[in-house]
Structures are given as structure tokens and as C-alpha cells.
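Q: I have a new model open and want to learn to read it feature by feature. Where do we start?

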Amino acid sequence: MSESLLCLLTEDLLIRLLQKLGSHRKPFRLVCKDFLRVESATRKTLRILRIEFLLGLLEKFCNIETLDLSLCPRIDDGVVSVLLTQGSASWTRGLRRLVLSRATGLGHLGLEMLIRACPVLEAVDVSHCWGYGDREAAALSCAPSLRELNMDKCLGVTDIGLAKIAVGCGQLERLSLKWCFEISDLGIDLLCKKCLDLKFLDVSYLKVTSESLRSIASLLKLEVFVMVGCSLVDDVGLRFLEKGCPLLKAIDVSRCDCVSSSGLISVISGHEGLEQLDAGYCLSELSAPLVKCLENLKQLRIIRIDGVRVSDFILQTIGTNCQSLVELGLSKCVGVTNKGIMQLVSGCRNLKILDLTCCRFITNAAISIIANCCPDLVCLKLESCDMMTENCLYQLGLNCLLLEELDLTDCSGVDDLALRYLSRCSELVRLKLGLCTNISDIGLAHIACNCPKMTELDLYRCVRIGDDGLAALTSGCKRLTKLNLSYCNRITDRGMEYISNLGELSDLELRGLSNITSIGIKAVAVSCKRLADLDLKHCEKIDDSGFWALAYYSQNLRQDWGT
């Protein structure tokens with residue numbers, strides 16, 4: 001582009017051009033200094049891959065609103081102190097969202113310094129910081145404008161820490177406390193008295209009782225309530241919700257052993273605006289009265305009843321009463337048949353997500369009807385539905401062109417011809433083919449040529465996949481971030497060379513690849529800079545030189561990758 005032409009482009013035009021590029025910003029900023037300046041001034045999100053570049057990047061992109069440090073496990077209090085004392089630290093003034101998930105090296109002192117330095121902070125994610133406790137909770141309470149907080153698996157947080165957050169962050173709207181095992185009814189009660197604006201609350205796997213639901217029922221703005229695995233909550237607790245939480249739109253009682261159809265009927269009768277119901281693995285069977293109640297939920301869009309016993313009549317009733325459904329989860333449900341599925345989808349033609357995992361008795365007939373009746377499907381899970389063949393995938397490839405996610409794990413009828421049919425679904429982003437032992441490099445090449453948007457691919461124990469398949473895959477699917485090649489024993493170091501072309505790769509499973517050596521691993525380590533999770537167990541030909549290469553080049557690894 002000539003200098004005279006660049007002079008005609010005002011800053012407003014450059015900004016509009018940048019917005020049109022979406023995620024393809026890097027080539028833009030390499031064109032000229034003006035493009036680089038505009039990109040630096042307008043970037044709102046920054047995800048750091050290497051901690052040694054953190055200070056320089058923050059000084060360069062000083063107008064960011066979101067900072068993601070989840071791939072920097074080495075960040076600690078000392079690093080935070082340097083960030084805030086060296087340079088202008090102007091990046092903190094506009095920061096609204098901070099992601100510290102798995103940043104286990106950061107302690108309460110560094111966390112408090114960081115929180116206090118960001119005056120408009122609205123959202124913080126410290127999920128899976130398993131060592132966090134009440135001191136870290138106290139640090140988080142120093143953000144009075146906080147509206148969203150994720151504390152999943154902060155194992156040391158007790159009622160005391162939650163009380164500090166409740167008092168200091170009274171504007172909270174979204175709070176997730178999943179696996180915070182030390183929190184009890186006392187902490188939940190205080191939370192509900194102080195944080196009256198809560199719209200989303202997740203108390204999954206907490207040792208709370210129905211008394212907590214009495215407190216939660218007082219939250220007048222609550223829209224989404226998740227209580228997976230709360231084994232001490234029973235129907236009495238659900239009856240508290242019947243008269244409370246008037247704006248409730250979604251509830252998840254999955255794996256709540258003491259909950260029955262009676263309790264769910266109570267919730268449904270009190271909330272005709274309910275849009276989502278999750279009740280997987282908590283009911284022995286789906287009763288006719290409960291299904292009849294669903295008829296009153298005119299806005300119901302999502303039902304997940306995994307692990308429940310159903311019948312053709314129940315599925316027919318759902319198809320008749322719930323025709324606005326866009327998602328249905330029937331994973332591991334007993335009693336799912338071709339007839340039931342046909343009756344279901346003849347009514348629920350707007351389905352976009354359907355989970356039939358381990359519904360082993362459905363055949364090509366049912367899946368073909370799904371393809372014909374539900375052309376808007378974006379996600380279909382058929383793991384272990386091993387009575388299907390390439391014929392139904394022909395129908396999927398013909399009718400379900402919007403499909404983005406497909407799980408065919410352990411479907412023995414899937415072969416290269418099936419993948420050729422499936423490759424018509426060019427919008428595919430996630431594909432699971434684990435244990436499909438009849439596919440080869442030929443079938444993989446069909447997918448690679450026609451599905452360029454693929455980001456996740458599972459080829460676990462696809463024993464006929466080799467280096468040639470990887471050559472095609474890495475040429476056509478450049479956006480891959482997650483790849484599972486475990487026990488694909490035909491793959492050699494040549495295949496690793498092909499994998500090294502995947503610059504976006506962050507999760508790679510190579511377990512049991514007996515023919516790869518340190519040479520191949522070094523190629524991956526040098527080129528795949530985003531690699532964070534790597535499985536090399538039982539790769540017996542990799543020696544110290546391979547692990548030295550990983551230690552030197554792959555400094556964002558956070559998972560145990562040793563043999």
C-alpha cells in the first residue's frame with residue numbers, strides 16, 4: 001500500500017477497518033506504523049502466553065478492558081509488584097475483567113495489590129486456584145464494583161471468606177462457588193441477605209441443606225440457579241423455591257440424590273417462565289405427571305434429563321408439549337428407541353442440540369429422521385450408538401449443514417465413506433472419532449479438505465491413522481487448538497513435523513505413541529508456542545533431550561506430561 005494512499009485513511013477509517021478484521025489482527029498491525037498504533041490503542045482484550053512479555057505488552061496495550069493470565073501459571077506476588085511499580089501501570093485504569101484461573105502461584109498479597117489497582121474492575125475469575133482460602137477472599141472483597149466472581153474449586157474458602165465478599169461486593173450479580181466444600185448454610189444465608197442483585201448462583205457440590213434454599217428463595221432477581229450434586233437438599237428445599245425467585249429462568253438439580261419428581265413439579269408450578277431444566281442422574285424415571293407439567297412452560301427451551309428411564313410415550317409427550325425446545329439431553333437414558341426418537345423429533349423440529357450418548361438401541365432409521373426433521377442442528381452427540389452406519393451420515397451431510405459439533409466416539413460403523421459424507425458439514429468445529437477403528441488417512445483427508453473451521457479433533461485409538469493423514473489434517477485444519485492422537489501407533493516423527501505447523505495448538509494428547517522420539521517432540525515444542533496441556537505417557541522412545549526441549553520452548557505447559 002503506497003504512502004499517498006495511507007494518507008487518505010483517517011484514524012476513524014482505520015478503526016472501522018480493524019473492527020472488520022475480527023481475530024485476524026496480526027497481519028494488520030504488521031503493515032505500517034499507523035496500523036500498529038491504531039491496533040494498540042483500540043485493543044480491548046489481552047491473553048498472555050509468556051509471562052516474560054507481560055510488562056511490555058501491558059505498556060503497549062494500555063487501553064485493555066480484559067486481561068487473561070490463565071495461561072501464566074508462574075505469575076506470583078513478585079511479578080504483580082513489578083507490574084504495578086515499573087512503568088506507568090495505566091493499563092489498570094480501564095480494566096474491567098481479570099482472568100486468573102489456575103494462577104496458583106499468586107497469593108493473597110499479590111491478589112490484593114492487583115484488585116486495588118483496578119478501580120473499575122467488574123469481573124474476576126479465580127477458578128481452580130485450589131489453594132485459595134479466606135485471605136484471598138478478603139483480597140477479592142476489595143473490589144466494591146465487582147459484579148461477577150468465579151471461585152470454582154477454591155478449596156480453602158469458608159463461610160468467613162464468603163462473608164467478607166458478601167459485605168465488600170454488595171453489587172454482585174453472578175457468583176459461582178462450585179466445589180468450595182467449606183461453605184455451609186450459614187455463609188449462603190449471609191450472602192443472600194447482602195447481595196440482593198444476584199442473578200446467577202452456582203452452589204454445586206456444596207454441603208448445604210434445604211435451609212440454604214430457604215435463603216436463596218428470597219433473591220428476587222435470581223434468574224439461574226445451579227445446585228449440581230447437592231446431596232443434602234431434598235424436595236422440601238425445592239418447595240421453598242416454588243414461592244420465591246419470581247424471575248427464575250433456569251434451574252439445575254442434576255445429581256441431587258434426594259430430589260424427586262414431586263419437588264420438580266413444585267418448582268415448575270411456581271415458575272411458568274422457566275426456560276431451562278436440568279435434572280440428570282437424580283430421577284429413577286421421568287414420571288408422566290412431571291412431563292404433563294412441562295406443558296405449562298411455554299418458554300421452555302432446554303431440557304437435560306441424562307441417565308433417566310424414559311419410554312416411547314414420554315418422548316412422544318415431550319415432542320407434543322415442548323415444541324419450542326432447542327436442546328434436549330438424553331445421555332445414558334434407558335428406554336430410548338427408534339420409535340420414541342421419531343415421535344420426539346416430529347414435534348421438536350427446532351432442536352439445535354441433541355445428546356443421545358450411549359442410547360445404544362437407536363439405528364440409522366432414527367438418525368435419518370433426526371437429520372430430516374432437524375436441519376438446524378448444530379450439535380449432535382452419538383457416542384456408543386454403534387448400530388449406525390455410513391447411511392445415516394449421508395443424511396446428516398445432506399441435511400444438517402449447520403452442524404458444528406459431532407460426537408461419534410465408539411461408533412464402529414463409521415468408516416472412510418462415512419467421513420466423506422460427513423465432510424459436507426463444512427461448519428464443523430468439534431469432531432470426536434475416538435475408537436472408530438475403521439477410519440484411515442483417506443477419511444481424515446476428506447475432513448481436512450472440507451472442514452477448515454475445525455478447532456477440536458479426537459482420534460483416540462484410531463489405529464489406522466498415520467503420518468499421511470496428519471499431513472492432510474495440518475494443511476486443511478489450521479485452526480486446531482485441541483488434538484487427541486493417543487495410541488495411534490502408526491504416527492512417527494514425520495507426523496510430529498506436520499503437527500508443528502499448528503500454531504494455535506494448546507492441547508495435545510500423544511499417549512502411547514511408541515514410534516515418536518525426542519526429535520519429533522522438539523519440533524512440536526519449538527513451533528507450538530501456545531501449548532499448555534500435553535500428554536506423553538507411555539511414549540517410551542522420548543529421552544531427556546525431548547524433555548529438555550519442552551522445558552526450554554514450552555513454558556506455558558501446566559499439565560503433568562511426563563512418562
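A: With charge pairs. A salt bridge here is a side-chain nitrogen of Lys or Arg within 4 Å of a carboxyl oxygen of Asp or Glu. Before we go on, note that this is a predicted model, where local features need pLDDT of at least 70, side-chain atom pairs count only at pLDDT 80 or more, and totals for chains, interfaces and linings use all residues. Residues are numbered from 1 along each chain as its sequence is written, and side-chain values use heavy atoms, with hydrogens and water left out.

Q: How many salt bridges does a search of the whole structure find?

A: Side chains of opposite charge can pair when their charged atoms come close. The search finds 18 salt bridges. Take arginine 74 and glutamate 52: their closest N and O atoms are 3.4 Å apart. This pair links distant parts of the chain, 22 residues apart. Arginine 74 sits in the loop between strand E2 (66-68) and helix H6 (77-85). Glutamate 52 sits in the loop between strand E1 (45-47) and helix H5 (54-60). Helices (H or I, at least four residues) and strands (E, at least two) are DSSP runs, numbered from the N terminus.

Q: Which residue meets lysine 221 in a salt bridge?

A: Aspartate 197, at 2.8 Å, N to O. Lysine 221 lies in the loop between H11 and E8, and aspartate 197 in the loop between helix H10 (185-194) and strand E7 (200-202), so the pair ties together parts that are 24 residues apart in sequence. Lysine 221 is partly exposed at 38%. Aspartate 197 is partly exposed at 25%.

Q: Which residues are linked in a network of salt bridges?

A: Asp278, Arg304 and Glu327. The side chains of arginine 304 and glutamate 327 meet at 2.7 Å, N to O. Arginine 304 is in strand E11 (residues 302-304) and glutamate 327 in strand E12 (residues 327-329), 23 residues apart. Arginine 304 is partly exposed at 25%, whereas glutamate 327 is buried at 12%.

Q: What does glycine 280 touch?

A: Contact means heavy atoms within 4.5 Å. Not counting residues up to four places away in sequence, glycine 280 touches Ser254, Arg255, Arg304, Ile305 and Asp306. Glycine 280 lies in the loop between strand E10 (276-278) and helix H14 (288-293). With a relative accessible area of 3%, glycine 280 is buried. Glycine 280 and aspartate 252 are 28 residues apart in sequence and 8.5 Å apart in space, C-alpha to C-alpha.

Q: Now the nonpolar core. Which members of the largest one touch the most other members?

A: In soluble globular proteins, nonpolar side chains tend to be buried together. A nonpolar core is a set of buried Ala, Val, Leu, Ile, Met, Phe, Trp, Tyr and Cys residues joined through side-chain atoms within 4.5 Å. The largest core has 177 residues, and Met151, Phe225, Val414 and Leu433 touch the most other members. Helix H17 (residues 364-373) supplies the largest share of this core, five residues. Methionine 151 has contacts beyond four places in sequence that include Val126, Ala137, Leu140, Ile165 and Cys180.

Q: How do I read a helix with a buried side? Which residues of helix H12 are buried?

A: An α-helix has 3.6 residues a turn, so residues three or four places apart point the same way. In helix H12 (residues 235-242), the buried residues are Asp235, Gly237, Leu238 and Leu241. Seen down the axis, they fall within an arc of 155 degrees, so they line one face of the helix. The arc is that of the directions from the helix axis to the C-beta atoms. These buried residues pack against helix H11 (210-216), strand E8 (224-226), strand E9 (250-252) and helix H13 (261-270).

Q: Last, backbone angles. What is the phi of leucine 435?

A: Most residues other than glycine have a negative phi, and most peptide bonds are trans. Leucine 435 has a positive phi, near 65 degrees. Leucine 435 is in the loop between strand E16 (430-432) and helix H20 (441-450), and is partly exposed at 30%. Phi of tyrosine 487 is also positive, near 65 degrees. Tyrosine 487 is in the loop between strand E18 (482-484) and helix H22 (493-499), and is buried at 18%.

Terms used. Buried < 20%, exposed > 50% of the residue type's maximum accessible area, 1.4 Å probe, protein only.
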